[in-house]
Amino acid sequence: MKKLFAIISILFLFSCNNNDDETVQEQKCYMTKFNKAVIALAGQQFYTSEYVYDGNRVIKKLEYKLIDNSAPGQQYPTYAPQLDRTIEVQYNSANQPIKIIQPLDIYNTQTIDYLLYDNQGRLSEKNIVTEDYANNFSYTKNAIYSYNSNNQIISISEKTTNNWGDIYNENTKSLTYDTDGNLRVIEQVNAGNSGYKWVTKYDNYDSYKNPYANVNVPFEDIFFLRLSKNNYRKYFKTMVYTTNSPTNPAAPYESSEISGYEYTENGYPKIAEYKCN
């Protein structure tokens, strides 16, 4: 009887361990459609951006514009999405994105991002090259990334030059994080004694998953969004004087506040559509 009880106990523990393993393995979700546009009068909602995947690698970013397709005499205008441009991503043999290729625009100008990595597989440098073929002119924005021991980007050195070597802009961005691994502050100081710096702050983070963290390509429009574990709900960017500071601080240059998100069953905010593994 004791042997039988011991066998049942072992089976019960084995079953519990299996259940624990199943609960630990959470689904990872990847954004497919995002950047929602809302046409309130017509009651329409559209996602104006889309990622196309090969497995979990983004290989294309589709961007849409909305065109007016209203019928003559219609009270409120209605719209339909139309593909505006397709951005393509190329990879190396290590499955790292190395080129982000934008199409030629109507001014015969094209921008390509060239990405380089260090021996730990981290993004070490990005060169955003814009070619103006109509005027035989180009300029390059170079960014160099530095990391801390937690593999978080803590410094970005940026410099923009043209094809003759003239420098348009040069600055350094310093990044700080909280203990939960969320980006809190970006301080940008321009080269020279400009007398001010730009300070961007992210605040009031939730405890849910940040879907941008799963996007494997460092697109410029989501570059800083990818660096946090959770979702910020308050943001503002301010110019702060470093010399001859005025009595009253400047008002925020940009700001936004989100009262709350709704979340999917997998713990992601309902700001997009997803595919989940």
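Q: Under 20% relative accessible area counts as buried and over 50% as exposed; is Tyr274 buried or exposed in this predicted model?
A: Tyr274 belongs to strand β15, residues 273-276. Its relative accessible area comes to 19%. The cut-off for buried is under 20%, so Tyr274 is buried.

Q: Which residues are in contact with Tyr274, leaving aside its neighbours within four places in sequence?
A: Let's look along the chain for partners. Cys29 sits 245 residues away from Tyr274 in sequence, yet their C-alpha atoms are separated by 5.9 Å. The contact list for Tyr274 reads Cys29, Tyr30, Met31, Thr32, Pro211, Thr264, Tyr268 and Pro269.

Q: How far from a polar atom of the Tyr274 side chain does the backbone oxygen of Pro269 lie?
A: Pro269 is one of the residues in contact with Tyr274. Here the pair is a polar side-chain atom of Tyr274 and the backbone oxygen of Pro269, and the distance is 2.5 Å.

Q: What is the bridge partner of Val89 in β5?
A: Strands β4 (residues 79-91) and β5 (residues 97-101) pair antiparallel over four bridges. Their hairpin has five residues between the strands, and there Asn95 takes a positive phi near 65°. Across in β5, Val89 has as its bridge partner Ile100.

Q: Which residue in β6 does Ile101 stand opposite?
A: β5 also runs antiparallel to β6 (residues 109-117), with three bridges joining them. In β6, the residue opposite Ile101 is Ile112.

Q: What share of the residues in the protein chain is buried?
A: The chain holds one helix and 15 strands. It exposes about 17100 Å², with 49% of that supplied by carbon and sulfur atoms. Of its 277 residues, the buried share is 36%.

Definitions and conventions:
Residues numbered from 1 in each chain as written. Predicted model: local features only at pLDDT ≥ 70, side-chain atom pairs only at ≥ 80, totals over all residues. Heavy atoms only, no water. Helix = DSSP H or I, 4+ residues; strand = E, 2+ residues; numbered from the N terminus. Buried < 20%, exposed > 50% of the residue type's maximum accessible area, 1.4 Å probe, protein only. Contact = heavy atoms within 4.5 Å. Polar contact = N/O pair within 3.5 Å; in protein donor to acceptor, adjacent residues only side chain to side chain. Areas by Shrake-Rupley, 256 points an atom, 1.4 Å probe, with all protein chains shown as cover. Pairing = 2+ DSSP bridges.
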